[in-house]
Amino acid sequence: MIRRAVASLVLCLILLCAGIYLGGHPSALPGFLRDPLVGDQDTRVVNEAIDTVNDTYYRKIPKKDLANKAIAGIVSSLDDRFSNYFDPKSYAKFQLQQSGEFAGIGVQITHAAGGLRIVEVYDGSPAKRAKLALGDVIVGVNGQSLRDKSSDAAVALIQGHIGTDVKLTVSRDGKRRDVTLQRDTISVPAVTSSTRTIKGKKYAVVRLDQFSSGAHGELDAALRKALKGGAKGIVFDLRDNPGGLVTEAQLVASAFLSDGKIVTTKGRSVPSKTLSAVGDPIAPKTPLVVLVDRNSASAAEIVAGALQDRKRATLVGTRTFGKGVFQEVLELSNGGALDITAGQYFLPSGRNLGGAGVSTGSGLTPDVAAADNPKTPKVDEGLDKALDVLAAKA
């Protein structure tokens, strides 16, 4: 009896070890077992390739690294600059970025050819101390070129642990330089506001920098304060706003709309959904001008387009970016996530702002054209025009 029990235990251990090995080496399974246990032929080939490289390549590469590179390669093959794969470390950084608080260098950026263009430098930040300036283009991070990286992936490289260094390669007027900064905690206010007086009347200028989580709450507070202070009209500045959360776009637009459609999303694997105004609006009838430019994209275009379609606001500025698709963040079992283009969005009039597939589209055309002159950095021609338009309405 004892011998039989010992033999059974040894057999169980052998089977367990064999199962563990075959689980990590599915190509070693016979065909009649591999087919039902491992999945379809395409999945088996991918696992076989990873397994073969892990076993045969002249230097050892961890399987998780090979899997990460395989997933990144799949996403890269989509030829979609809006889709991205976050490995576990990058995904943790991305989540901090979406929360509005992270360890970084203190700049607001937008996509540019070859990297990231700086559109704002926050006071007291590492970037301010390093004398980075508006218009500088970050083209490399720690020796890695940003040319073929998505904006999210590039930002993830810049962010990191508090107190750690990051080396940036910065281009200014065609000249490149390397600068090393120490990352610090950056808490970015989504909303800033001010008041302008024209011919004895007060007007509020409310700027929204990004559609991060909770941005609508900051906007609501700023609008209430402005109206309580006697503002007769509002310039809502969405210039250089790269977008963010679609749910925030719905709530932001709801501050100016009593009811009705804001945006409809449609995708192949996601159900069609229409988002409408919710709650009690803060400023449903106050004269409104929305200020946009070429860097107003995604959620910023949803809000500006909905307010234009619904005849709620006058758009002033330049043509917007033209992003008519949305992404879904799908978490993976390894702690990473896929940020994948899942569908298109359509404004209340039915128009889509994108091009063919994920190509840049026509964007929004302002009702009144206005562009800043880069040679006059102390004068904001776009804002001045928006205030003129608002004063004529209020």
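**Ground rules.** Since the model is predicted, local features need pLDDT of at least 70 and side-chain atom pairs count only at pLDDT 80 or more, while totals for chains, interfaces and linings use all residues. I number residues from 1 along each chain as its sequence is written, and side-chain values use heavy atoms, with hydrogens and water left out.

**Overview.** I looked up the secondary structure and got eleven helices and 19 strands; these are DSSP runs numbered from the N terminus, helices being H or I of at least four residues and strands E of at least two. The protein has 394 residues, and 44% of them count as buried (under 20% relative accessible area; exposed is over 50%, partly exposed in between; 1.4 Å probe, protein chains only).

**Strand S4.** Is S4 buried or exposed? Five of the seven residues in S4 (residues 115-121) are buried, so the strand is largely enclosed by the rest of the structure. I looked for its partners next, where pairing takes at least two DSSP bridges between two strands. S3 (residues 107-112) runs antiparallel to S4 over six bridges, and the two make a hairpin with two residues between them. Gly 114 in that turn has a positive phi of about 90°. S5 (residues 137-141) is also antiparallel to S4, joined by two bridges.

**Aromatic pairs.** How many aromatic pairs does the whole structure hold? My search gave four, with Phe, Tyr and Trp rings (the six-membered one for Trp) pairing if their centres lie within 6.5 Å; planes under 30 degrees apart are stacked, over 60 edge-to-face, the rest tilted. Phe 82 and Phe 321 have ring centres 6.4 Å apart and planes at 70°, so I logged them as edge-to-face. Phe 82 is in the loop between H4 (63-76) and S1 (84-86) and Phe 321 in the loop between S16 (314-317) and S17 (325-331), so this pair ties together parts 239 residues apart in sequence. Phe 82 is buried at 15% relative accessible area, and Phe 321 is buried at 17%.

Phe 236 and Phe 256 have centres 5.4 Å apart and planes at 45°, so they go down as tilted. Both are buried.

**Charges over rings.** I count NZ of Lys or CZ of Arg within 6 Å of the ring centre and within 35 degrees of the ring normal. Lys 323 has its charged end over the ring of Phe 82, 4.9 Å from the centre. Lys 266 lies over the face of Phe 346, at 5.1 Å.

**Cores.** A nonpolar core here is a set of buried Ala, Val, Leu, Ile, Met, Phe, Trp, Tyr and Cys residues joined through side-chain atoms within 4.5 Å. Which members of the largest one touch the most others? Phe 236, Leu 238, Phe 256 and Val 290 do, out of 46 residues. H10 (299-309) is among the elements that each supply at least two residues, and H10 gives the most, with seven. Apart from this core lies another of 20 residues, including Leu 116 and Ile 118.
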